[in-house]
Amino acid sequence: MTAGAQLDSESILSPEYEDPTAIEPRARISAYAETVTGVHAIALTDAVAAIKRGRQGKLPEDPPLLWIDIAAPGGTEGEFLRHQLGFHPLAVEDTVRGRQRPKIDRYPGYYFLVVYSARINRERDRMALNELHAFIGDNYVITVHDHKIEELKEVLARWRAVPARYRSAGTLAHAVLDMVVDGYFPVLDHFSERVGRLEEGTDGKTRHEALQQMLSMRRELVLFRRMVGPERELIGSLLKRDIPFLEPEMLPYFQDVHDHAIRVAEEIDTLRDLLTGAMEGQLSLASNQLNETMRVMAAWSIILMAMAWIAGIYGMNFEHMPELHWPWGYAWALGLMFAVGALLFGYFRRKQWV
């Protein structure tokens, strides 16, 4: 797994998980909770202790909700999740290895969630997908990811702005899912603009370059659809299951996220259809131009062949030929060749072959 970026400038890395000999950038573990002065970063040891107490019964002084974020996880972070927080080895293995299909798994006392955020890499003009894992319990949400995910930073900002709206794991999980799914729409807008430019031919690309770009974009849309489809089913399953952290009053909010996911999937299908039509149009245009070129070449071949036929007759090595000793024989042969060529040219011109 490649090292990701730190989620927030207030991240705290517990000294017991530091590796001073590491060459690659170390992972960053951030812990947040609501205090009397608002939502702030707290010590990781305090967050772990509060999560462990919450599984047996929270104390009055414990925060109502805890959020731990782990960026760029490695083996050490896997050990932390497995031994310190007691998560199942299979779920921890998924977070460390990555490349998981969007899903939701149920474990005793918590749920394990895998989704993907999407953005446009402006430098390469391509879509980038970032894998996001989440452990959701009664009083905590733990997110794990490789690279920087702007949606998480936005959720943290909203939590800090209105702490009263985020008093349960369900509200925070909804905020994360809602921001992730809403982040798909700018990606769709980007694809829509690219498809429109390719259809209109206003992007300055040659036909070969445009076709190559269409094929590349189609692969991206297929990948996008393969990711959004399971996520749509995932969110739909949340609405059908009896999940403890999903309060009844949160169902309309998750239904709204589900509707957005359906809309994203439908728009991806529409863009794929438009792109397929544009590709077929480009191929048909190339085929028509090839046919036009072949027709022009065939017409000129017939004209030149007729002239060469006359030249071939007068070029035969016979002693007795009617025009062989005629003073005007040469001019007659040339004139006959040009006359036949002009006649055929006029005929093909009327047929719009040349």
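**Entry 1: a salt bridge to start with**

I began with lysine 148, which forms a salt bridge with glutamate 150; their closest N and O atoms are 3.4 Å apart. By salt bridge I mean a side-chain nitrogen of Lys or Arg within 4 Å of a carboxyl oxygen of Asp or Glu. I then looked up accessibility, where buried means under 20% relative accessible area, exposed means over 50%, and partly exposed is in between (1.4 Å probe, protein chains only). Lysine 148 is partly exposed at 36%, and glutamate 150 is partly exposed at 46%.

A note to myself on the source: this is a predicted model, in which local features need pLDDT of at least 70 and side-chain atom pairs count only at pLDDT 80 or more, while totals for chains, interfaces and linings use all residues. Residues are numbered from 1 along each chain as its sequence is written, and side-chain values use heavy atoms, with hydrogens and water left out.

How many salt bridges does the rule give? I get a count of 12.

Next I checked aspartate 269, whose salt bridge with arginine 225 has its closest N and O atoms 3.0 Å apart. Aspartate 269 sits in helix H8 (residues 251-314) and arginine 225 in helix H7, so this pair ties together parts 44 residues apart in sequence. Helices here are DSSP runs (H or I, at least four residues), strands are runs of E (at least two), and both are numbered from the N terminus. Is arginine 225 buried or exposed? Arginine 225 is buried, at 19% relative accessible area, while aspartate 269 is partly exposed at 28%.

Arginine 263 is partly exposed at 44%, and glutamate 267 is partly exposed at 27%. I also noted that Asp94, Lys103 and Asp105 are joined into one network by salt bridges that share partners.

**Entry 2: H6 against H7**

Two packed helices are described by the angle between their axes and the distance between the axes. For helix H6 (residues 184-200) and helix H7 (residues 207-240), I read an angle of about 155 degrees and axes 11 Å apart. The axes are lines fitted to C-alpha atoms over the stretch in contact, and angles run from 0 to 180 degrees between N-to-C directions.

**Entry 3: positive phi**

Most residues other than glycine have a negative phi. Alanine 72 has a positive phi, near 55 degrees. I placed alanine 72 in the loop between strand E3 (66-71) and helix H2 (75-84), and it is buried at 8%.

Aspartate 125 also has a phi near 55 degrees, and its loop runs between strand E5 (110-121) and strand E6 (126-136). Aspartate 125 is partly exposed at 28%.
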